[in-house]
Amino acid sequence: MEPVILDVDPGHDDAVAMMMACGAPDLDLLAVTTVAGNVRLEKTTRNALRVLSLIERPDVPVAAGAAAPLRRPLYTAENIHGESGLGGPDIPEPTFEPDERGAVELISDILREAPEPVTLIPVGPLTNIAMLLREHPDITPRISRISLMGGSTNLGNTTPAAEFNVYVDPEAAREVFESGLPITMCGLNVTHQAGAGAAERERLRSSGRFGGVVAELLEFFASTYKGVFGFDAPPLHDPVAVAAVMRPDLLTTRPMRVDVECDSDLTRGETVCDFYGVTGLPPNAEVGVGLDHDGFFELLYDSLSRL
Ligand code: BDR
Ligand code: CA
């Protein structure tokens, strides 16, 4: 079993990523930590607790992290995820409380106690991970690698240049990319290949006990994605970062230098990917360049069926 910690801002695709990680037969989900992003921190934390309560996993500790980016006001995405962050299904209130230590201390304690290095899967703004590395600089040997959803080798979804998670906290993303840790970047260029069209949503509906909730989540997500981006198949961004840990063969990657733009008003949050190695700088990430769409969905159906 591969030990992992998920850092989330639920968020529809975050919720599916959490369910996938809980159902994954080869992952040991040690904790879920929350960050402000798609909606404010109180809501992302409540949503993470509600999802884990629904799927009867109150044994997974949840801790709240950063309420705002390192240096900027929070920018949220209610236009995509609804006012609650999980628009659509009626998900009951949580049955358990968050861990009082908070995200950074919980992650640090778990990493120090774990018998082997742990993989971090951040799928929201990278604020908590940057704070962890700042406050616990000796912790890096305890981190096996980071599989993150964020950035893009090409187009953005929040500005023409920037993907949401990196746009929200570019300084945190820069610190993580410059940490020297092994990083797999699942950016929009690959997560847009994980579109859940009508056929996939129907199949998800019959995938396990919670397929109905997943389908309702994705009906809402599909309608906002259609309205905002014109997509027929809303991308399951965050589950791609989980899949990349479960089945690395599903994601084709290339080693690249990734730098994050933090200053320009026009391109703030852009992940500048040195595809051709023109800078001569050493690579700092394995960047996803291709995804096996069918293999990804089979893995998702299978994981959800096990819940
Ligand atoms: C990312 O932004 C959020 O809205 C999603 O949950 C995902 O993590 C996609 O850009
Ligand atoms: Ca997310």
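A molecule is said to sit in a pocket if more than half of its atoms lie within 2 Å of the grid points of that pocket. In this predicted model, ligand 1 sits in the largest pocket. Helix 1, helix 6 (164–168) and helix 11 are the elements that each give two or more residues to the shell around ligand 1.

That shell holds 13 residues, and those that come nearest to ligand 1 are Asp-13, Asn-38, Asn-157, Glu-163 and Asp-238. Several polar side chains can be followed from here to the oxygen atoms of the ligand. For Glu-163, a polar side-chain atom lies 2.5 Å from an oxygen atom of ligand 1. In the side chain of Asn-38, an N or O atom is 2.6 Å from an oxygen atom of ligand 1. His-81 also has a polar side-chain atom placed 3.1 Å from a ligand 1 oxygen. On its own, ligand 1 has 280 Å² of accessible area, and the protein covers 96% of this.

Glu-163 is buried, because its relative accessible area is 4% and buried means under 20%. Glu-163 and Thr-271 are 108 residues apart in sequence, yet their C-alpha atoms are 8.3 Å apart in space.

Helix 11, which carries Asp-238, is itself covered. Ten of its ten residues are buried, so helix 11 is largely enclosed by the rest of the structure. The buried residues run from His-237 and Asp-238 through Pro-239, Val-240, Ala-241, Val-242, Ala-243 and Ala-244 to Val-245 and Met-246.

Another residue to look at is Asn-189, which has its place in helix 8 (residues 188–191). Asn-189 is buried, with 11% relative accessible area. A polar atom of the Asn-189 side chain lies 3.2 Å from the backbone nitrogen of Thr-153.

Two details of the backbone remain. Most residues other than glycine have a negative phi, and most peptide bonds are trans. Pro-10 and Gly-11 are joined by a cis peptide bond, with omega at about -10°. Gly-11 is in the loop between strand 1 (2–8) and helix 1. Glu-56 is not a glycine, although it has a positive phi of about 60°. The loop that holds Glu-56 lies between helix 2 (41–54) and strand 3 (62–64).

Notes: Residues are numbered from 1 along each chain as its sequence is written. Chains are lettered from A and ligands numbered from 1 in the order in which they are written. This is a predicted model: local features need pLDDT of at least 70, side-chain atom pairs count only at pLDDT 80 or more; totals for chains, interfaces and linings use all residues. Side-chain values use heavy atoms; hydrogens and water are left out. A residue is near a molecule or strand if one of its heavy atoms lies within 4 Å of it. A polar contact is a pair of N or O atoms within 3.5 Å; within protein, one must be able to donate a hydrogen and the other to accept it, and residues adjacent in sequence count only if both atoms are side-chain atoms. Accessible areas come from the Shrake-Rupley method with a 1.4 Å probe; for residues, only the protein chains shown count as cover. On a 1 Å grid over the protein atoms alone, a cavity is a set of points where a 1.4 Å probe fits but cannot get out, and a pocket is an open set with protein on both sides within 12 Å along at least five of seven lines; lining residues have an atom within 4 Å of a point. Helices (H or I, at least four residues) and strands (E, at least two) are DSSP runs, numbered from the N terminus. Buried means under 20% relative accessible area, exposed over 50%, partly exposed in between (1.4 Å probe, protein chains only).
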